[in-house]
Amino acid sequence: MQHIRAFPALLLAGGLMLAVNVQAKLVKLEISKREVIADGMSFGAAGPYEKLTGRAWFEVDPILDRNKTVFDLDRAPLNAKGRVEFSADMVILKPVEMALGAKTLFFEVNNRGRKISFGRMHDTASDANMNNPMAPRDFGNGFLMKRGYVIAWVGWGADIAPGDNRLTVDFPIALENGRPVTERVLTEFSDRNFNGGKPSSLPLSGGSAFKSFPAVSTDKKQAQADLYVLSSDSPSPPGPDMPRGEAVADDQWAFADCPDGWPGKPSTDHICLKDGFRNDRNYHLIYRATGSPVMGLGYVTTRDFVSFLRNDEKDAAGNANPVFGIKTTLCQGISSSGMYLRDYLYQGFNVDEQERQVCEGMHIHVAGAQKLYLNYRFAQPNAFTQQHRERYVPDTNFPRQYAVRINPFSRVPDGILKRPKTDAKIIHTDTSNEYWQFRASLTGASEGGTMDFNESSKVRRYLLAGLQHGGFKHDAPNHGIGDKQCEQLTNATHPGPLLRALVVVLDDWVKKNVAPPETRVPRIADRTLVAPADLKLPKIPGLTFEGLYNGSGDRDFGPRVKANSGVIDLLIPQTRATHKVLVPQVDAIGNDMAGIRHPFVDVPVATLLGWNTRTKEFGGPDLCDLLGSTIALPKTRADAQAKGDPRPSLEELYGSHEAYVAKVAEAAKKLQAERLLLPEDVDMVVREAQASDILR
């Protein structure tokens, strides 16, 4: 009888505990604006859409194990309930009539506060207003909306400054004895920040779209500040080490804002360089900074926002969930946001406080083998490493693969996917560029470059052969920054048709358990994945190829760094082990042999490379950022011979315009049969081939 009498009390206690847990997540969804978009046009069977703009308010209990992963959460101020409070901007696009939708949430991890999926998935033009989409042209072909998806975004980057409809957050500052913590940090300035000019002054963040970590003083001694200059972050031959630059004399720079030249006005948020910044130089500023937000809360905003939209009818304040009834959650991250998702999975944020899976399917695009520099004190999620710059970023330390394997240093098994009940099903896509710049070979091959690894059953990886990292459908090839940064014209082949097909594949995999096409990437076993020195690139006139790539290795960032989290003490990291980075082998044209070949890669009129070379003014012959190359094929054999070009001519390959179009149609229909191109995109690709002037 005593046990029976105790049972209601246990139920009451359990109910109270449940109430605590329910509140320890998204507590209020505030909608400040509701607007019908695209002039009320219908998006297929889903009908008209509306845009909801507002803010999400969160609370988390820092004592719960699920939240302790957030670095410095124990240094955040607490409210009266003993919880950490924070908030983030949010935007939702939904069918006006939810009953007409697909009950599927498509959540995009925003990129630096910006919405970029439409540029890839919708073929939206670069001059459209994708960050505040309202007009019909802002939504391009409307692909995701025609599928009836609810599309949503929430802020996560505490470094994002307000403006231009960027999604921002309000996170607490990490404190020690009631005062903001301070650390020495490294930040870099390069042509990425100069826009082709020669500025004399920059924010310490590098640009006005990002918040700076202020120096503790404008006095360089008090700030323990040093400035170094170097021609490239990458050694030659490439490797994981980072060269040390030359010290800049104290009388040549200052903590100051000097847009009109030296000496300017003292500022803890700016740097002034007396003779201005050069496009062929990188600058490393090391100084003691203050005011570090608890950056890892950027993973919690996604976790609790998506979980709320998926599961809860109302928030803790009683506000209705505007999209209640969602049955499936698909999450997408592109570039740095794809690195975010890799780390989000690794650090255990794809399960909420009620042990519910958050994202059921993920599309991770152009992240390579890298994770994000986020769950750190004084994190810099805007920085991303490539062969020429920002190689101080912690990004490729173990694990790099999705499947669990033994860490060679700790001898403990580890992997990005190690929580079978809540790990998402993943479509991971890389272009050729990520093999050169983001070490994509390490997602599936051994660090010594000797063997291919087995893939996790929850992952399919695809190389989008012969494509560059990004770009917009309607943009013409150019030469990078100021149209003078890169030696070759950039690669304008757009991935949209392939990405759309793979999102449908992911949807079918999650909802119907229809297995996707097998992983399609270059492999060591069939010699389609090789060392850059073994690339069989044709000797194309005017093309500079030095075999450069972004070197990689396991690196030591100091004793306070563990599992891609912590405090970096070794600002110039020390190499523990070197990785052998491999790249896709190419055919006689110079195009990648393996992977999914877009019809315009499979039926080429140009050599389409995922990499490009910098001009001398911008630090050549280093690789030219994340840009690829387009090098037109000669029209006739006589043209080829006159230029000394070993590649086949268009006439030799096709003979006539009609034959060229027929080959494009054949390649497109083959991809359709493999579920890698949608019927409407087959038609689009063939129309574009027909409209071209090839052999007319």
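Q: Is Trp611 buried or exposed, and what is its relative accessible area?
A: In this predicted model, residues count as buried when their relative accessible area is under 20%. Trp611 falls below that cut-off and is therefore buried, with a relative accessible area of 4%.

Q: Which class of aromatic pair do the rings of Trp436 and Trp611 form?
A: A pair of aromatic rings is described by the distance of the centres and the angle of the planes. Planes under 30 degrees apart count as stacked and those over 60 as edge-to-face, with the rest counted as tilted. The centres of the Trp436 and Trp611 rings lie 5.7 Å apart and their planes meet at 50°, so the pair is tilted.

Q: How many residues apart are Trp436 and Trp611?
A: Trp436 belongs to helix α7 (residues 432-437), whereas Trp611 lies in the loop between β28 (606-609) and β29 (629-632). The pair thus links distant parts of the chain, and the separation is 175 residues.

Q: What is the angle between the planes of Phe106 and Tyr149?
A: Within a count of 27 aromatic pairs, Phe106 and Tyr149 form one that is stacked, at 5.9 Å centre to centre. Phe106 is in strand β4 (residues 104-108) and Tyr149 in the loop between α4 (143-146) and β5 (150-154), and both residues are buried. The angle between their planes is 5°.

Q: Over the ring of which residue does the charged end of Arg576 sit?
A: The charged end of Arg342 sits over the ring of Tyr402, 5.0 Å from its centre. For Arg576, the charged end is 4.1 Å from the centre of the ring that it sits over, and that ring belongs to Phe409.

Q: What is the bridge partner of Val229 in β12?
A: Strand β11 (residues 226-230) pairs with β12 in the antiparallel sense over 2 bridges. In β12, the residue bridged to Val229 is Glu246.

Q: Which helices do the buried residues of α13 pack against?
A: Helix α13 (residues 679-691) has 13 residues and spans 19 Å from its first C-alpha to its last, close to the 18 Å expected. Its buried residues include Asp681, Val682 and Met684. The helices that the buried residues of α13 pack against are α8 (496-512), α9 (599-602) and α12 (657-673).

Methods. Residues are numbered from 1 along each chain as its sequence is written. This is a predicted model: local features need pLDDT of at least 70, side-chain atom pairs count only at pLDDT 80 or more; totals for chains, interfaces and linings use all residues. Side-chain values use heavy atoms; hydrogens and water are left out. Rings of Phe, Tyr and Trp (its six-membered ring) pair if their centres lie within 6.5 Å; planes under 30 degrees apart count as stacked, over 60 as edge-to-face and the rest as tilted. Helices (H or I, at least four residues) and strands (E, at least two) are DSSP runs, numbered from the N terminus. Buried means under 20% relative accessible area, exposed over 50%, partly exposed in between (1.4 Å probe, protein chains only). A charge sits over a ring if NZ of Lys or CZ of Arg is within 6 Å of the ring centre and within 35 degrees of the ring normal. Two strands pair if DSSP finds at least two bridges between them. The expected span of a helix is 1.5 Å times one less than its number of residues. Contact means heavy atoms within 4.5 Å.
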